[in-house]
Amino acid sequence: MHTRVVVATVAAVLGTAAPLLSPAPGARAGEVGKAVKAGKVTAPTVVAHRGASAYAPENTLASIDKAATLGFTWVENDVQRTKDGELVVIHDDSLPRTTNVKTVFPGRAPWKVKDFTAAEIARLDAGRWFSPAYAGTRVPTLKQYMRRVEHNHESLLMEIKNPELYPGIERQTLKLVGDEGWLDRGHLRRIIVQSFSADSVRKVHELRPAITTAFLGTPTVAQLHEYARSIDLVNPAYQSLSLGYVSAVHAFDGPHGKPLRVFAWTVNDTATARKVAGYRVDGVITNKPDVVRAALGSG
């Protein structure tokens with residue numbers, strides 16, 4: 001990968017964390033956001049966070065079905081591993097927030113995903129907490145989830161969650177992805193693997209260099225040169241962004257010879273959507289994809 005001269009200069013001068021880059025003036029960000037809506041600037045990709053999770057229980061098949069019904073192609077999920085080695089789709093490393101595990105297994109505190117078998121987790125209700133209409137919804141296995149994504153003709157931003165708890169999860173995840181037929185040229189355009197762990201992302205890149213990878217966080221400008229060896233996207237919380245930082249990221253080429261991209265999370269209202277669009281991000285991750293689409297005229 002190659003670092004463009006302008007960013008090399010910025011990094012040399014700053015050598016500091018991204019938040020020290022001055023935020024773009026609100027007026028400028030707003031103007032660009034309006035230009036996006038008017039079709040004068042390319043609209044960012046909208047990614048349904050944990051599926052359309054404002055409208056259906058997160059990380060379930062129902063949530064990605066809802067995203068598809070709303071007309072969205074990209075969905076995001078979280079992958080963890082059970083006691084007996086099954087990959088499942090759930091955000092927290094413990095089960096109580098989104099399931100009835102305390103009722104079904106009252107003596108099993110602290111109810112960690114890694115302490116339950118896949119069969120035990122399959123007994124849990126992962127929908128009633130959200131709405132009685134979703135009672136009986138289950139925690140999907142990653143295999144079930146990917147098959148539904150394929151059925152829906154969707155694309156997947158997959159997060160390897162808490163990799164430090166699950167040694168070897170990168171290799172196991174990639175094997176399943178391959179077994180499901182997602183490592184051919186067509187599918188490689190429809191999947192991104194991300195993590196908050198730079199080491200985990202690096203492992204994914206080393207194991208499958210062709211797959212697109214993303215780091216969840218905001219590396220300093222000085223760190224971007226190293227990160228760009230193994231990642232294609234930098235995906236930060238929107239609060240940490242500025243137009244200057246996004247421009248700095250874009251000035252680096254990733255391992256596939258293309259400029260690094262930026263997907264911002266988690267954006268759920270019109271004003272914020274237009275603000276981050278003004279920073280020229282490439283994607284917006286949101287619980288409310290329809291709200292972001294309406295704000296930006298984006299699909």
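Mentor: The protein contains 13 helices and nine strands, where helices (H or I, at least four residues) and strands (E, at least two) are DSSP runs numbered from the N terminus. The model is predicted, so local features need pLDDT of at least 70 and side-chain atom pairs count only at pLDDT 80 or more, whereas totals for chains, interfaces and linings use all residues. Residues are numbered from 1 along each chain as its sequence is written, and side-chain values use heavy atoms, with hydrogens and water left out.

Of the 299 residues, 52% count as buried, that is, under 20% relative accessible area, with exposed meaning over 50% and partly exposed in between (1.4 Å probe, protein chains only). Strand 5 (residues 191-195) is mostly covered, with five of its five residues buried. Both of its faces are covered: Ile191, Val193 and Ser195 lie on one side, and Ile192 and Gln194 on the other.

Strand 5 has parallel partners, where pairing requires that DSSP find at least two bridges between two strands. Strand 4 (residues 155-160) pairs with strand 5 over four bridges in the parallel sense, and Leu157 stands opposite Ile192. Strand 6 (residues 212-216) also pairs with strand 5 in the parallel sense, over four bridges; there, Phe215 is the bridge partner of Ser195.

His153 has a phi near 60°, a positive value in a residue other than glycine; most residues other than glycine have a negative phi. With a relative accessible area of 66%, His153 is exposed.

The axes of helix 3 (residues 61-70) and helix 6 (residues 142-151) come within 10 Å and cross at roughly 15°. That crossing makes helix 3 roughly parallel to helix 6, the term for angles under 35 degrees. Axes here are lines fitted to C-alpha atoms, for helices over the stretch in contact, and angles run from 0 to 180 degrees between N-to-C directions. Leu61, Ile64 and Asp65 in helix 3 meet Gln144, Tyr145, Arg148 and Val149 in helix 6, with contact meaning heavy atoms within 4.5 Å.

Note on methods: Angles under 35 degrees count as roughly parallel, over 145 as roughly antiparallel, 65 to 115 as roughly perpendicular and the rest as oblique.
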